[in-house]
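Please keep the sequence and the three-dimensional view at hand while reading.

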Amino acid sequence: MRVSCTVNGAPAVADDVWEGESLLFVLRERLGLPGSKNACEQGECGSCTVYLDGVVACACLVAAGQAEGRDVRTVEGVASGGALGPVQQAFIDAGAVQCGFCTPGLIVAADDLLRRVPLPADPEIREALAGNLCRCTGYEKILDAVRLAAARRAGRAAEPGGSRDADGPGGLGPVGSPGR
Ligand code: FES
Ligand code: FES
């Protein structure tokens with residue numbers, strides 16, 4: 001079948017799509033957008049997180065046909081023009097990337113959070129990213145990156161390592177419980 005949708009602001013068409021194919025497969029293998037990562041294909045890790053009509057979703061759980069006529073935005077579309085978007089840059093500056101496999105999904109999830117909650121408290125960050133698993137960083141640098149992006153968007157000076165909440169070190173709390 002043919003699937004037509006909008007991807008990162010431009011019309012996109014994929015032909016010969018198998019009925020059981022996922023949106024993630026179409027994005028990566030048919031449309032040349034490898035940013036969204038394929039790790040579990042079961043909605044557990046968040047590596048494939050994209051926007052679907054402005055709402056975050058695991059692309060591995062979306063049948064390609066469900067994307068027909070809809071608006072998809074991937075981590076590639078989080079960039080502003082040819083430059084990195086503020087969340088992408090914050091992940092680099094905060095040292096929140098190691099192997100990078102989780103990073104695209106985390107960036108989309110963090111971008112979504114900051115659109116909804118410009119200055120989130122730490123529990124809100126942890127909750128928003130609870131469906132995104134990282135095996136490398138220990139999560140603290142990821143929290144730093146989101147705080148940094150939020151502070152920059154708000155026009156405030158911020159250094160990685162700062163916290164708005166004295167809730168102590170640790171992971172993201174309910175990490176491992178899929179947020180979507
Ligand atoms: S690859 Fe989609 S949630 Fe893991
Ligand atoms: S940086 Fe490797 S899984 Fe997160």
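Strand β3 (residues 49-52) and strand β4 (residues 55-58) run antiparallel and are joined by four bridges; strands count as paired if DSSP finds at least two bridges between them. Helices (H or I, at least four residues) and strands (E, at least two) are DSSP runs, numbered from the N terminus. The model is a predicted one, in which local features need pLDDT of at least 70 and side-chain atom pairs count only at pLDDT 80 or more, while totals for chains, interfaces and linings use all residues. Residues are numbered from 1 along each chain as its sequence is written, chains are lettered from A and ligands numbered from 1 in the order in which they are written, and side-chain values use heavy atoms, with hydrogens and water left out.

Within the hairpin of β3 and β4, two residues lie between the strands, and Asp-53 takes a positive phi near 50°. On its other pairing, β3 meets strand β5 (residues 71-73) in the antiparallel sense over two bridges, whereas strand β1 (residues 3-7) pairs with β5 in the parallel sense, also over two bridges. The table lists residues that stand opposite one another in these pairings.

| Residue | Opposite residue and its strand |
|---|---|
| Val-50 | Ala-57 in β4 |
| Leu-52 | Val-72 in β5 |
| Val-7 | Val-72 in β5 |

Both faces of β3 are covered, since Thr-49 and Tyr-51 on one side and Val-50 and Leu-52 on the other are all buried, where buried means under 20% relative accessible area, exposed over 50% and partly exposed in between, with a 1.4 Å probe and protein chains only.

These pairings belong to an open sheet of five strands with mixed pairing, in the order β2-β1-β5-β3-β4. The edge strands are β2 (10-14) and β4, each of which pairs on one side only, and the twist averages 40° from one strand to the next. Helix α1 (residues 23-30) packs on the sheet and touches β1, β2, β3 and β5, with its direction making about 105° with that of β3. Helix α3 also packs on the sheet, touching β3, β4 and β5, and its direction makes about 45° with that of β3. Contact here means heavy atoms within 4.5 Å, and axes are lines fitted to C-alpha atoms, for helices over the stretch in contact, with angles running from 0 to 180 degrees between N-to-C directions.

Helix α3 (residues 103-116) has a further partner in helix α5 (residues 140-153), for their axes come within 11 Å and cross at roughly 40°. That angle makes α3 oblique to α5, given that angles under 35 degrees count as roughly parallel, over 145 as roughly antiparallel, 65 to 115 as roughly perpendicular and the rest as oblique. Residues that make the contact include Leu-106, Ala-110 and Leu-113 of α3 and Ile-142, Val-146 and Ala-149 of α5.

The loop between α3 and α4 (122-128) holds Pro-118, which counts as exposed because its relative accessibility is 53%. The C-alpha atoms of Pro-118 and Arg-147 are separated by 10.0 Å, although the two lie 29 residues apart along the chain.

Taken whole, the protein chain has five helices and five strands, following the pattern β-β-α-β-β-β-α-α-α-α along the sequence. Of its 180 residues, 47% count as buried.
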